[in-house]
Amino acid sequence: MSKIKILFVDDDPGVLRALNRTCIDTSWNIFTADSAASALTLVEKHNFWVIVSDMQMPNMDGAELFTEIAKIHPHTIRILLTGFSNDLDTARAINHGKIFNYLHKPWNNETLIQTIEMAIEYRKSELEKLRLRYLLVEQNKLLKSNNIKLIDLNGHLKEDVKQKTAEVQQGLLLLNMVDGDNQNLKQEYIQKSAEVEQGLIILEQIDRHKQSLTQDNIQRSAEVEQGLLILEQINKHNQELLEENKQKTAEVEQGLIIMQQINDQLKSHLDSTTQLLNDVVQMRENHAIGHSKRICEFATAIAHKIKLDDEQVRQITIAAYLHDIGTLGLKDDILAKPAQSLKGKNLELYQQHPILGETLLSKNSDLKIAAQIIKQHHEYLDGSGYPNALTAKSIHIGARIICLCSDYDAIISGRFFNKPMTKTQANEYLHKHKGSKYDLHLVEAFLDLINQGEFKDQTHSKSVEVFQLKPEMILTQDIKTDMGVILLPKGLQLSKVNIENIKKFEKEINHHLVIHIEAKLHDEIDTEIENNKN
């Protein structure tokens, strides 16, 4: 017997792969379709026992698909699997698509398998019922035909017997009238009498055979009726199991909802913790205000573009936010210098910050992957990175993404080399080192996003001294007194009056101020700042 064919329909390739994996240990022949149109094409070519379809799909949804399939193959079992259907959608699928059952995403693997198995058993019972009904009809036709033939044959025999009986009686009458010595004629009529007796015996045998066939017909009909009764009982039992399955499915789904709510709360707490830690990191980003926020947006966008799954994107987002958390253990004089200019003990200490970052986060089980990414975010494909000089695929994909984004931002802000670079120069650097330091496909994905204007509103900050301030510069940090009183808020566009007041304040406190100003990420950095320092 050929394998039972099952068709899964969903416009999400990831869902289809998961459904395939769920059924990998079954004996079924699994087919998949990524649209209703593809499903209908397969339905025309194959006889599917069960079709499981998503509800929300472009062009034709699950209810419409099942309505069309019901017209083509009414006996195919149809199951709705969806995470977004409402009561109206489900009613439409039941009334028009004639669905057998429906399940919600995320599904329980055991429940899904059990539901399909029940659908297959139901289909088998329906086929057996059709077979028995066909057998009963054909048996009745055959018996009816045999009865007609027997009645006809019986009629002919009776006529023959009547005729021969009349002839015998006529002969006996003649015998009584003729000479008793006419023994030949008498013998002939005695023989004919014997033939008549034989005919009567045959008629009795035919009647008995007819009764036997009638009894056999009654018995076979009873057996078929008994079979149909058993099938009805099986169907009733299947319906009870189906109702029980639906009830258990509802209980499982309720449990999943509660688990999801708990999980959402845990994620919310985790997000709050992540945001708090990020705020702490940003307090140390005097040299590059907004760096972590920009890296987070860059890395998340790349992860989505290369189609990583949701959990991978989440871990990369967390790691990007907190990738520099290990710098909390470094002194300000180390952080104030570009990494490329550090030497000796300071360089050694700086290159340990990924390890410190991993140590801080790895104690939380939900952050273990993010911690691994943070530890590796300064590793290069060619092994020239730190802290462990890892190479190629031994580096987590999230770490490779964050390394690329962090270097790009550092190049433009002046933290990578001794002076800021333009967007064009940064792009050229990435192109030059793709395949050696950076993944080729990640560089291409990142530059595509930049060229598409994905980050056009991103900004970065630069630390300047008071004498370098100019009108229209925008503050990225509040200017405060030692007591925490805000003199000028972040986001303020400086005027000449503001600059004069800042100079007076600096003179009064007799201490050099460091002011943080904003510049668009896609614009060329004003190199005059660096020139004034030289």
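This is a predicted model: local features need pLDDT of at least 70, side-chain atom pairs count only at pLDDT 80 or more; totals for chains, interfaces and linings use all residues.

**Helix packing**

Modeller: Helix α7 (residues 291-305) packs with helix α13 (residues 397-413) at about 135°, their axes 9 Å apart. Axes are lines fitted to C-alpha atoms, for helices over the stretch in contact, and angles run from 0 to 180 degrees between N-to-C directions. That makes α7 oblique to α13 (under 35 degrees is roughly parallel, over 145 roughly antiparallel, 65 to 115 roughly perpendicular, the rest oblique).

Colleague: Which residues of α7 and α13 meet?

Modeller: From α7, His 291, Arg 294, Ile 295, Phe 298, Ala 299, Ile 302 and Ala 303; they meet Ile 401, Ile 402, Leu 404, Cys 405, Ser 406, Tyr 408 and Asp 409 of α13. Contact means heavy atoms within 4.5 Å.

Colleague: What about α11 and α12, at what angle do they pack?

Modeller: About 170°, with the axes of α11 (residues 353-361) and α12 (residues 368-376) 7 Å apart. So α11 and α12 are roughly antiparallel. Pro 354, Ile 355, Gly 357, Glu 358 and Leu 361 of α11 make the contact with Ala 371, Ile 374 and Lys 375 of α12.

Colleague: New topic: what's the average pLDDT?

Modeller: It's 77, and 68% of the residues score at least 70; pLDDT is the predictor's confidence in each residue, from 0 to 100. Over residues 520-534 the pLDDT is below 50, though in the model that stretch has 34 contacts beyond near neighbours in sequence.

Conventions:
Residues are numbered from 1 along each chain as its sequence is written. Side-chain values use heavy atoms; hydrogens and water are left out. Helices (H or I, at least four residues) and strands (E, at least two) are DSSP runs, numbered from the N terminus.
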